[in-house]
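Trainee: Before the discussion begins, please display the sequence and the structure.

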Amino acid sequence: MAVKRQIRVGKSWMSPKEAEVALREALRAQKEEERAHGHAHSFWRTYVFSIDHKVIGIQYALTALSFLLIGFGMMLLMRWQLGWPGQPIPGVGGMLGEANAPGGIMLPEFYNSLGAMHGTIMVFLGIVPLAVGAFGNYVVPLQIGAPDMAFPKLNMASYWTFLPGGVIILLSFLAPGGAPNSGWTSYPPLSVIATHGQTFWLVGMVFLITSSLLGSVNFIVTIIQLRAPGLTYMRLPFFVWAQLVTAFLLLLAFPPLEAAAVLQLMDRLADTSFFMPSGLVVGGQVVEIAGGGNPLLWQHLFWFLAHPEVYVLILPALGIIAEVIANNTRKPLWGYRAMVFATVFLGFMSFVVWAHHMFMTGMGTALSAFFQTTTMIISVPSVVILTALFISLWGGSIRFNTPMLFALAFLPMFGIGGLTGLPLGLAAADIHLHDTYYVIGHFHYVVAPGTIFAMFAGIYYWFPKVTGRKMSDKLGKMHFWTSLVFINGVFFPMFIQGLAGVSRRLWDGGEQYAHAGPVLHLNKFMSISAFLLLIAQVPFLINFFKSMFWGEKVGSNPWDATTIEWAAAPSPPVAHGNFHELPVVHRGPYEYNPPDENVEFLPQHVASGSGPGPGLPQHAVAP
Amino acid sequence: MSGNSPEQIRHETRIYLTVFAALAALTVVTVAVSYLHLSGWRAIALALFIAGIKGFLVAGYFMHLLSEKKLVYAILAVATAFFLLLIWIPYTEKDSQDAARAAAIAGETAPAENGH
Amino acid sequence: MEMEIPYTVEERPDTGLYNGKLGIWLFLASEFMLFGALFSALIMMRTGAISWPHGYTLLNVPLATLNTFVLIASSVTVVLAWANFRLGDFAKGRMYLIATLACGFGFMIIKAIEYGTKFSHHLYPAENNFYAIYYTMTGLHGLHVVGGMIVFAYLIWPGAKLWSHDRQRYINRVETTGLYWHFVDLVWIFLFPTLYLL
């Protein structure tokens with residue numbers, strides 16, 4: 001007679017059926033106990049409408065990464081058109097609809113829609129929600145030793161305002177007339193006379209700005225009020241400083257855009273003329289409006305936000321890079337104080353440079369000189385931060401893991417992005433370069449091999465904290481090297497095209513212009529690089545999802561890091577409250593190989609340095 | 001808050017009512033002054049001056065800004081600086097607007113082409 | 001289930017603030033920027049216009065003056081509410097909150113009459129830039145009044161339970177809502193002369 005399979009449950013052996021019964025009974029008892037202590041929550045309260053910053057952070061991350069993928073897809077469609085203008089789009093061409101791509105061939109209006117949507121989605125639905133909503137929300141409370149954000153319910157409201165805003169913007173593709181096609185910058189009068197999709201953009205932006213405002217209040221109060229005892233401002237991890245300044249930028253710079261969006265909605269829906277000049281004639285017809293408005297008012301109010309916005313895009317990235325570099329050089333950051341002051345100064349300066357986006361609007365020499373000066377000044381703190389990060393590598397014991405590879409690549413890539421901004425900030429050179437591919441190359445370098453690489457560094461770095469498992473370093477390196485090569489293949493030629501005078505937002509990539517002739521072939525090269533860049537993300541996607549379930553399990557601090565989120569919280573952190581006991585801080589954030597101590601690293605919250613103690617593993621002690 | 005004892009709170013209440021009276025009076029003044037129909041910038045300056053006093057009273061006493069913490073002052077100082085930047089924006093377009101207005105006026109004296 | 005968030009009720013020693021107080025001032029700073037942008041738009045429209053009407057020729061000054069008194073009164077009532085709550089007098093405090101809410105209603109009703117009269121004369125935002133900015137600024141201000149009213153209604157009815165569970169937390173909520181309400185009053189103090197009297 002075959003031996004029936006027995007399952008061990010606790011101290012006894014039982015049949016599978018009995019084991020199942022026992023398990024159900026145990027779960028029932030546990031739920032009953034939790035309910036008695038008031039801890040039970042439905043699936044909806046736990047995973048959908050959670051007020052826990054960690055769940056909200058993950059929600060933001062998954063949503064933002066999805067939006068990034070969608071924005072990437074739009075870019076691929078555009079790059080097909082640029083590489084092979086007028087050719088039917090292979091595969092998906094038939095699915096885009098007759099209104100957008102009859103016979104699979106992209107219409108110019110659809111190209112413009114893709115351009116406007118790609119920019120909007122990447123900036124407002126992708127990067128900021130990922131950098132601030134995801135990384136900020138998840139990591140900041142942990143790094144300051146707090147049980148959650150200051151206003152957990154407000155945090156949930158932030159996410160649930162962001163998501164509808166994003167959906168509304170995406171829904172614009174279904175509006176009659178298609179998605180907005182007046183650029184991510186939505187300049188009037190074009191945006192005012194544009195089709196319905198533009199209204200979706202404006203309404204969506206109101207949701208997103210509201211979400212952002214709620215979030216920024218939360219971040220600032222959390223960082224100021226909920227720091228653990230002993231955590232003075234100059235002991236904060238640089239990541240937290242970066243998020244604090246970012247939150248101030250969002251708080252004070254977004255409202256003017258909200259006001260402008262309301263004004264543009266009035267122009268579109270109530271026929272007002274805030275931005276509509278007199279005497280406008282469209283398609284041979286006089287526009288029946290009061291007139292007397294000023295399109296430049298929109299530009300001022302838009303760029304008043306949009307310039308600080310670009311620092312919102314880069315500061316969290318710099319924060320992540322700083323953490324990864326300190327951890328993987330096994331030494332403190334060089335010039336921490338300088339970096340902090342530079343960041344604060346950068347925040348202030350970012351509010352007084354906006355009109356360098358408007359040099360070509362006919363401004364006088366005095367105004368132009370003012371904005372050129374402030375723009376040159378603002379390059380100084382960026383250089384200070386980048387230089388400090390470079391110098392931080394000197395004398396380090398560098399560990400070339402995947403997060404560190406992305407961090408190391410970030411440095412020269414951001415350098416290229418930053419340096420190419422200089423001629424744009426000088427009005428004389430800007431005359432030639434404005435609205436050319438040079439601009440597109442410049443800002444993509446800062447955001448793509450810049451910020452997005454930093455995002456990847458952050459994902460590989462903090463994945464073990466969130467999931468308790470490590471991502472594969474092999475797949476990670478595959479992802480890194482291919483991405484690095486192909487991303488440069490996509491964006492570097494843009495400088496060449498821009499210098500040759502190829503304008504941006506041209507649906508055929510410049511085909512019709514004689515001056516574009518010599519550099520037109522670069523379009524195909526960039527498009528092929530873009531498709532290869534897509535393929536390069538496959539190892540990442542596989543790695544991300546596979547490691548969630550089957551990744552190598554790790555303890556609380558696999559990177560031997562000094563900051564509180566690693567050293568004082570388990571991986572993943574305690575569901576409500578993050579820490580088994582709230583930490584107290586005794587020292588700065590990067591005490592790696594501290595000179596007078598007998599240890600390889602000294603976490604912020606550990607009381608003394610001699611020998612392993614709470615939070616300090618045995619192997620941290622120097623032999 | 002400036003203390004929680006009943007006497008202090010009653011003292012505060014008297015201040016609130018005094019401020020209310022002042023605000024009401026200043027509102028009357030604001031409207032009365034507008035009947036003077038002062039020219040251009042004088043009217044604006046006077047209106048903003050009186051509004052400024054009223055605002056000071058609301059902010060200082062009702063919002064207790066006169067006894068607030070340094071951090072709040074710092075945040076408001078930064079916000080004020082950026083607010084002034086916003087108010088400066090129309091000035092940056094002064095020349096282009098003057099030119100556009102001159103052109104529009106010149107256009108209006110010429111025979112209308114578009115019936116507007 | 002909620003774990004204790006520090007300094008929700010008691011003040012953090014080094015800043016001297018509880019979380020909500022800092023939060024509301026930050027929010028007001030952003031609102032300062034929002035209305036600032038609208039004032040900036042108003043100035044740009046006005047300085048760029050060939051001719052700009054005097055507000056008193058087009059708008060109902062007596063009604064708006066009455067509204068100004070109503071809003072100032074509501075600012076007094078809310079601060080008196082807060083004072084009474086601090087004295088421990090829930091009934092009186094609640095009465096003053098209801099008075100504040102009533103003033104808010106009064107303001108919106110007068111505003112509705114104002115708008116209604118204009119609409120009946122077919123004077124809509126599209127009429128000219130003056131009306132455009134007038135409707136937009138007073139409209140957005142009105143939305144802020146309604147927002148405040150919703151929060152007061154919450155504090156008067158469903159939210160009043162907090163008085164018995166955590167008195168100081170309730171008092172703090174009244175204080176922060178009051179701060180928001182005073183800001184809305186402040187905006188009107190500047191909006192009224194700018195639009196109606198200049």
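**Contacts between the chains**

Mentor: Between chain C and chain B the count is two salt bridges, a salt bridge being a side-chain nitrogen of Lys or Arg within 4 Å of a carboxyl oxygen of Asp or Glu. This is a predicted model, in which local features need pLDDT of at least 70 and side-chain atom pairs count only at pLDDT 80 or more, while totals for chains, interfaces and linings use all residues. Residues are numbered from 1 along each chain as its sequence is written, chains are lettered from A and ligands numbered from 1 in the order in which they are written, and side-chain values use heavy atoms, with hydrogens and water left out.

Trainee: Which residue of chain C forms a salt bridge with Glu12(B)?

Mentor: The closest N and O atoms of this pair are 3.1 Å apart. The partner of Glu12(B) is Arg86(C).

Trainee: Which helix gives the largest share of the side of chain C that touches chain B?

Mentor: Helices here are DSSP runs (H or I, at least four residues), numbered from the N terminus. On that side of chain C, α1 (19-48), α3 (61-86) and α7 (167-197) each supply at least two residues. The largest share, 16 residues, comes from α1(C).

Trainee: What area is buried between chain C and chain B?

Mentor: Buried area is the accessible area (1.4 Å probe) that two parts lose on being put together, summed over both. Contact (heavy atoms within 4.5 Å) links 49 residues of chain C with 53 residues of chain B. Carbon and sulfur atoms give 79% of the buried area, which is about 4600 Å².
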